[in-house]
Amino acid sequence: MQTQPNVVIVGGGAGGMEIATKLGHKLGRKGKAKVTLVDCADSHVWKPLLHEVATGALDVGIDALNYRSHAAAHGYHFQQGAMTDIDRQQRQVILAPIFDDAGRELLPARHIDYDYLVIAIGSIANDFRIPGVREHCEFLDSTEEAMAIRKRLLNKFMRYASQEQLEDKIKIAVVGAGATGVEMSAEMHHAVEQLRGFGYKIDTSLLEVTLIEADDRILPKVEKPGISESVTRELEKLGVNVMTNTRITQVDSNSLTTSEGVELPADMVIWSTGVKAPDFLKNIGGLESNNINQVMVKQNMQTTLDERIFSIGDCAACPQADGSFVPPRGQSARQMALMTADNIMLMIDGQAPRHEYVYKDLGSLVNLSRFHTVGNLMSFIGGGVLVEGKIARFVYTSLYRRHLIELHGVVRGTLLMLAKGISRIIHPHLKLH
Ligand SMILES: Cc1cc2nc3c(=O)[nH]c(=O)nc-3n(C[C@H](O)[C@H](O)[C@H](O)COP(=O)(O)OP(=O)(O)OC[C@H]3O[C@@H](n4cnc5c(N)ncnc54)[C@H](O)[C@@H]3O)c2cc1C
């Protein structure tokens with residue numbers, strides 16, 4: 001009897017979940033392959049929503065998708081565990097042991113056999129080895145980190161609101177004014193407005209958010225400077241202090257220091273200055289990687305040195321014609337995932353993986369919480385078309401809608417979107433615990 005090939009996908013994020021679902025449907029359910037998804041977490045939260053988790057605008061209890069139940073319904077298997085290494089000779093993925101909260105070992109280190117492997121473990125914030133960043137900053141790399149930020153923010157607001165005499169403002173610095181930093185800055189103002197509605201003795205005038213960017217404008221990667229200007233105006237209207245041309249060289253427990261030697265006080269620092277792949281990916285299993293640890297791939301997403309191993313999404317270095325790499329974005333992770341699934345199916349059928357990935361920038365939209373949405377669409381045509389307001393908000397949420405439809409099908413995906421909308425109406429607009 002012919003054995004089924006093992007397809008293992010490590011990382012169930014924006015890209016990994018879509019590839020596991022597609023291969024589960026096309027191969028797993030038909031008995032053509034055993035498809036296994038591995039993730040260090042037990043449930044999936046779509047990463048572009050993490051800033052909403054951090055401010056409490058999104059309740060993980062409602063929005064998280066349990067991997068096991070999704071796997072059972074969609075023809076693939078799930079194994080919880082963090083990949084630490086790959087043995088390419090034995091074709092095995094090595095997983096770290098799992099411990100409970102008290103430090104007792106629940107599962108020992110394990111290995112999983114693969115015939116085809118997809119590495120889709122995403123990225124982490126790049127600290128550029130700046131002193132104090134790892135020790136004193138908050139990051140938005142995972143659901144746990146986003147929830148930790150929420151808890152710290154709520155604690156600060158609670159302590160603040162209980163004071164008779166207010167000493168000073170709550171000072172929050174957000175370093176890095178890409179989409180994540182910009183969205184987080186606006187979302188914090190929204191959170192404070194909501195808390196006031198719930199009886200907290202606090203308002204936005206007591207919150208001092210400073211958005212710090214080394215470049216000469218915020219959103220430096222967005223092609224149209226007009227968008228940066230429009231977003232700066234909106235943020236300043238909210239009371240966000242926007243500082244450009246400011247490079248942070250050190251972070252301490254209560255302050256940041258700029259390259260000019262200026263000390264900026266901060267009760268909390270959120271670090272969002274771009275990403276890198278996790279350090280352990282550097283040359284993992286002898287594979288090639290670039291200077292930010294991304295695994296080097298060809299345009300069909302096969303790694304440059306091993307045709308059985310693919311890498312997609314933020315942790316993959318996929319070359320473009322101009323010598324740069326495909327940017328780490330939800331839209332590119334998704335497009336790579338669906339195409340890589342097709343290539344793996346071809347290989348299992350004994351054919352060459354013929355699909356090649358060319359990144360088409362469909363646009364960048366920035367959502368300033370409920371205050372404003374702005375961006376450009378179809379950036380691949382002459383810099384794109386500027387959109388604002390409700391149309392922009394609709395397009396912004398369409399990436400998430402497409403993700404849900406990919407994971408659940410059209411009917412269930414649409415119903416889920418509706419259910420989440422209703423839940424937002426009937427539950428408090430902010431998670432308070
Ligand atoms: C706040 C925020 C807002 C964003 N907004 C947008 C946006 O509006 N539009 C857009 O296009 N992009 C946006 N992005 C970027 C987008 O989220 C990422 O580009 C996208 O999620 C990358 O997908 P991925 O599948 O490569 O990785 P991820 O979605 O990050 O998934 C990685 C998965 O791997 C798992 N994992 C990590 N390490 C291991 C390990 N060692 N072993 C096993 N599993 C592991 C993680 O638990 C996770 O489930 C945003 C990002 C953030 C943080």
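A residue is called buried when its relative accessible area is under 20%, exposed when that value is over 50%, and partly exposed in between, with a 1.4 Å probe and with protein chains only taken into account. By this criterion Asn367, at 1% relative accessibility, counts as buried. Asn367 is found in strand E26 (residues 363-368), where helices (H or I, at least four residues) and strands (E, at least two) are DSSP runs numbered from the N terminus. Asn367 and Ala186 are 181 residues apart in sequence, yet their C-alpha atoms are 8.4 Å apart in space.

The structure is a predicted model, in which local features need pLDDT of at least 70 and side-chain atom pairs count only at pLDDT 80 or more, while totals for chains, interfaces and linings use all residues. Residues are numbered from 1 along each chain as its sequence is written, and side-chain values use heavy atoms, with hydrogens and water left out.

## The ligand and its surroundings

The ligand is surrounded by 31 residues, of which the closest are Gly15, Asp39, Met83, Asp314 and Gly330; a residue is near a molecule or strand if one of its heavy atoms lies within 4 Å of it. Domain 1 (6-123 + 277-348) and domain 2 (125-275 + 363-426) both contribute residues to this shell, so the ligand lies between them; the domain bounds come from an automatic or database domain assignment. Helix H9 (330-348) and helix H10 (389-408) each supply at least two residues of the shell, and the largest share, three residues, comes from H9.

By class, the shell holds 15 nonpolar, 12 polar and four charged residues, where Ala, Val, Leu, Ile, Met, Phe, Trp, Tyr, Cys and Pro count as nonpolar, Asp, Glu, Lys and Arg as charged, and the others, Gly among them, as polar.

Polar contacts are pairs of N or O atoms within 3.5 Å; within protein, one atom must be able to donate a hydrogen and the other to accept it, and residues adjacent in sequence count only if both atoms are side-chain atoms.

| Residue | Protein atom | Distance to a ligand oxygen |
|---|---|---|
| Tyr67 | N or O atom in the side chain | 3.4 Å |
| Asp314 | N or O atom in the side chain | 2.8 Å |
| Gln331 | polar backbone atom | 3.4 Å |

The protein covers 86% of the 1000 Å² of accessible area that the ligand has on its own, with areas taken from the Shrake-Rupley method with a 1.4 Å probe and, for residues, only the protein chains shown counting as cover.

Asp314 also has a spatial neighbour in Arg329: their C-alpha atoms, 15 residues apart along the chain, are separated by 6.9 Å. Arg329 lies in the loop between strand E25 (316-317) and H9, and at 24% relative accessibility it counts as partly exposed. The side chain of Arg329 makes a polar contact of 3.1 Å with the side chain of Tyr359.

## Strand pairing

Two strands are said to pair if DSSP finds at least two bridges between them. Strand E20 (residues 268-271) is covered on both faces, with Met268 and Ile270 on one side and Val269 and Trp271 on the other, all of them buried. Strand E13 (residues 137-138) pairs with E20 in the parallel sense over two bridges, and Glu138 has Ile270 as its bridge partner in E20.

Leu140 lies in the loop between E13 and helix H6 (143-161) and, at 11% relative accessibility, counts as buried. The C-alpha atoms of Leu140 and Leu50, 90 residues apart in sequence, are 6.6 Å apart in space.

An antiparallel arrangement involves strand E6 (residues 83-87) and strand E7 (residues 92-95), which pair over four bridges. Met83, one of the residues closest to the ligand, has Leu95 as its bridge partner in E7. E7 is also joined by four bridges to strand E10 (residues 110-113), again antiparallel, with Ile94 partnered by His111.

## Positive phi values

Most residues other than glycine have a negative phi. In the hairpin of E6 and E7, which has four residues between the strands, Arg91 takes a positive phi near 50°. Arg129, in the loop between strand E12 (124-125) and helix H5 (133-136), has a positive phi near 55° and counts as exposed at 80% relative accessibility. Met301, in the loop between strand E22 (295-296) and strand E23 (302-303), has a positive phi of about 75°, but Met301 is buried, with a relative accessible area of 0%.
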